Amino acid sequence: MRLDRFICKSTKLTRAEATQEINAGNVVVNDNVIECGTTQVHENNTITLHGEKLIPRSSRYIMMHKPLDTICSNVDEVYPSLFNYIDIENASEMHIAGRLDADTTGLVLVTDDGRWSYNIITPNKKCEKVYRVGLRDPIADDVAFKFQNGVQLQGEKQLTSPAKLTVIHPKEVLLTITEGKYHQVKRMFSAVGNRVASLHREKIGDINLDIGLGEWRYLTTDEIKSF
């Protein structure tokens, strides 16, 4: 964990305030004054601020049902941040484990545990994400085969990893992928001559979305451990 994040997780300081304390030489890590906020530290390190030992708060793990026209960001931009829907303290410490576009709804996982989220977003961990996709045109018979064997996305050197396609209706399918390339689902259907009309994430790993639109809840111990 970065030193500035460790301080934010152990105090009520903002990131900017933590940086000021670090730059001023007020933070000591294992008896050494550290003046760089990006320095990597471990929770087992002895870290003090003005001589007081810092103890980080327990990590938090949240499920949210993301509405349309919200963004996976800690601040409002063109669209409002999904954090407007989550009533928690120190929300600036949290990050999204697998972002969704503004026009996509569904399951989002939010945490302040970077090691945990790494297992979700890193492709070599092969964490499955399931999307319900509405299509402009009826699905062609050969698309499942193409997705299973990988398709070439514009601007990419390698084919996509194997993906599973389940047809619900001719214009509605479930797509399971293990990657998270930029606009990947939309680009995959574009590569086979179709277009995504609606997109909704239903599942990440073993965690199913089970709350209403705009709602959130803390994950259970079993859900957390599943990653």
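Strand β10, residues 172–177, is mostly covered, with 5 of its 6 residues buried. Keep in mind that this is a predicted model.

What does β10 pair with? One partner is strand β8, residues 129–135, which runs antiparallel to β10 over 6 bridges. To find that pairing on screen, pick K129: its bridge partner in β10 is I177. Strand β9, residues 164–169, is also antiparallel to β10, and 5 bridges join these two. There, L165 stands opposite L175 of β10. β9 and β10 make a hairpin, and 2 residues lie between them. As background, side chains in a regular strand alternate between the two faces of the sheet.

Now the charged side chains. Opposite charges on side chains can pair when the charged atoms come close. The count for this model is 16 salt bridges. I will go through three of them.

Start with E93 and R60, whose side chains meet in a salt bridge at 3.6 Å, N to O. E93 sits in the loop between β5 (61–66) and β6 (95–96), and R60 in the loop between β4 (52–53) and β5, so this pair ties together parts 33 residues apart in sequence. Are these two buried or exposed? E93 has a relative accessibility of 8%, so E93 counts as buried. R60 has a relative accessible area of 16% and is buried as well, because the cut-off for buried is under 20%.

Next, K186 and D103. Their closest N and O atoms are 2.9 Å apart, and they form a salt bridge. K186 belongs to helix α5, residues 184–191, while D103 is in the loop between β6 and β7 (105–111), so the pair links parts that are 83 residues apart in sequence. For K186 the relative accessible area is 24%, which is partly exposed. D103, at 42% relative accessibility, also counts as partly exposed.

E179 is buried, at 11% relative accessible area, whereas K181 is partly exposed, at 25%.

Conventions: Residues are numbered from 1 along each chain as its sequence is written. This is a predicted model: local features need pLDDT of at least 70, side-chain atom pairs count only at pLDDT 80 or more; totals for chains, interfaces and linings use all residues. Side-chain values use heavy atoms; hydrogens and water are left out. A salt bridge is a side-chain nitrogen of Lys or Arg within 4 Å of a carboxyl oxygen of Asp or Glu. Helices (H or I, at least four residues) and strands (E, at least two) are DSSP runs, numbered from the N terminus. Buried means under 20% relative accessible area, exposed over 50%, partly exposed in between (1.4 Å probe, protein chains only). Two strands pair if DSSP finds at least two bridges between them.
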